[in-house]
Amino acid sequence: SWLTSFPYTTAEGVVVSSTDGNIRLQRPGLDIVWSGERSLELYAAEDDVASLCGLCSSPAALPDGTPFAITSSNRLEFAQAWTTDASCNVSEPVPPPPPPPSPSPSPAPAPAPSGCTGATLAAATTYCAPLLDDQSAFDPCLAANNVSGSDRAVLHDDCVHERCSGSDECSALVAANQLCELAELPAVAGVVDDCGVCGGDGSSCRGSQLTCHVYNGHFLTFQASSFDYMGSCAYALAASCGSD
């Protein structure tokens, strides 16, 4: 077993955090909120949904790209096509309970503070601290591009100055993320969310996003198609089309 603190960034660049008692996973193009039990919501920008495949895909399709019209009689076939464990096979789904009401969107992130004293300076310093932390997700990207010592300090100071000025920009962290791309390393998720907000949680533009709801075997896909399936295998809900 292992313990960690939130927010936590995985080696693949997925940001894991705890929000209002829920577990949130964020990566570019996809935001997942899990209640910790049976309720799961996936949020994606409308432009990104077409590139996502799985049980939540819109329009529905099989892994080989064949379009699939989900009905009450073939939902088992569709669900089994998206299992990630080929050895797992469930012959009949168990009828699930009715779906819950649609959840309210998360509140938009607070605006960046102005000025640079007291709590404002402390917040800016904390926000920019990963640029100096040799255990942060940025460290491999900076090290691979030989950014260390005074160069790293300058990048950090630029970040603090930008935050203290009241700017909503995060150009220093974006620059650090670009170094990941240059080094062919995974980008650090959470720098800019899908709404273009620095450090945002994707909620400020959630109205323009599509949602896939999964609750105890009831699915409402990105295209608002619904079907019921209570499987016991592991399944792909939403993954980049063509990915393993």
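Visitor: Which residues form one aromatic cluster?
Guide: Phe68, Phe78, Phe219 and Phe227 make up one aromatic cluster. Please keep in mind that this is a predicted model.

Visitor: And how many aromatic pairs does the structure hold?
Guide: There are 4 aromatic pairs. One of them joins Phe68 and Phe78, with the ring centres 5.3 Å apart and 25° between the planes, a stacked arrangement.

Visitor: Where in the chain do Phe68 and Phe78 sit?
Guide: Phe68 belongs to the loop between strand S6 (52–53) and helix H2 (75–81), while Phe78 is in helix H2. The two are 10 residues apart, and their pair links distant parts of the chain.

Visitor: Why does Phe68 count as buried?
Guide: Its relative accessibility is 12%, and buried means under 20%, so Phe68 qualifies. Phe78 is buried as well, with a relative accessible area of 0%.

Visitor: What about Tyr229 and Tyr235: what kind of aromatic pair do they form?
Guide: That pair is edge-to-face, at 5.7 Å centre to centre and 90° between the planes. Both Tyr229 and Tyr235 are buried.

Visitor: Changing topic, where does Leu237 lie?
Guide: Leu237 is in the loop between strand S9 (226–228) and strand S10 (239–240). At 19% relative accessibility, Leu237 counts as buried because the cut-off is under 20%.

Visitor: Which residues does Leu237 touch?
Guide: Leaving out residues up to four places away in sequence, Leu237 touches Leu40, Leu42, Cys53, Gly54, Leu55, Cys56, Ser57, Val214 and Phe219. Val214 is 23 residues from Leu237 along the chain, and their C-alpha atoms are separated by 9.2 Å.

Visitor: On to pockets. Which residues lie nearest the centre of the second largest pocket?
Guide: Those are Arg38, Val214, Asn216, Gly217 and Phe219, out of 17 lining residues. Val214 and Phe219 are also among the residues that Leu237 touches, and Phe219 is a member of the aromatic cluster.

Visitor: What is the volume of the second largest pocket, and how does its lining divide?
Guide: The volume is about 360 Å³. The lining comprises 11 nonpolar, 4 polar and 2 charged residues.

Note on methods: Residues are numbered from 1 along each chain as its sequence is written. This is a predicted model: local features need pLDDT of at least 70, side-chain atom pairs count only at pLDDT 80 or more; totals for chains, interfaces and linings use all residues. Side-chain values use heavy atoms; hydrogens and water are left out. On a 1 Å grid over the protein atoms alone, a cavity is a set of points where a 1.4 Å probe fits but cannot get out, and a pocket is an open set with protein on both sides within 12 Å along at least five of seven lines; lining residues have an atom within 4 Å of a point. Grid points are joined across faces, edges and corners, and a volume is the space filled by probe spheres set on the points. Ala, Val, Leu, Ile, Met, Phe, Trp, Tyr, Cys and Pro count as nonpolar, Asp, Glu, Lys and Arg as charged, and the others, Gly among them, as polar. Rings of Phe, Tyr and Trp (its six-membered ring) pair if their centres lie within 6.5 Å; planes under 30 degrees apart count as stacked, over 60 as edge-to-face and the rest as tilted. Helices (H or I, at least four residues) and strands (E, at least two) are DSSP runs, numbered from the N terminus. Buried means under 20% relative accessible area, exposed over 50%, partly exposed in between (1.4 Å probe, protein chains only). Contact means heavy atoms within 4.5 Å.
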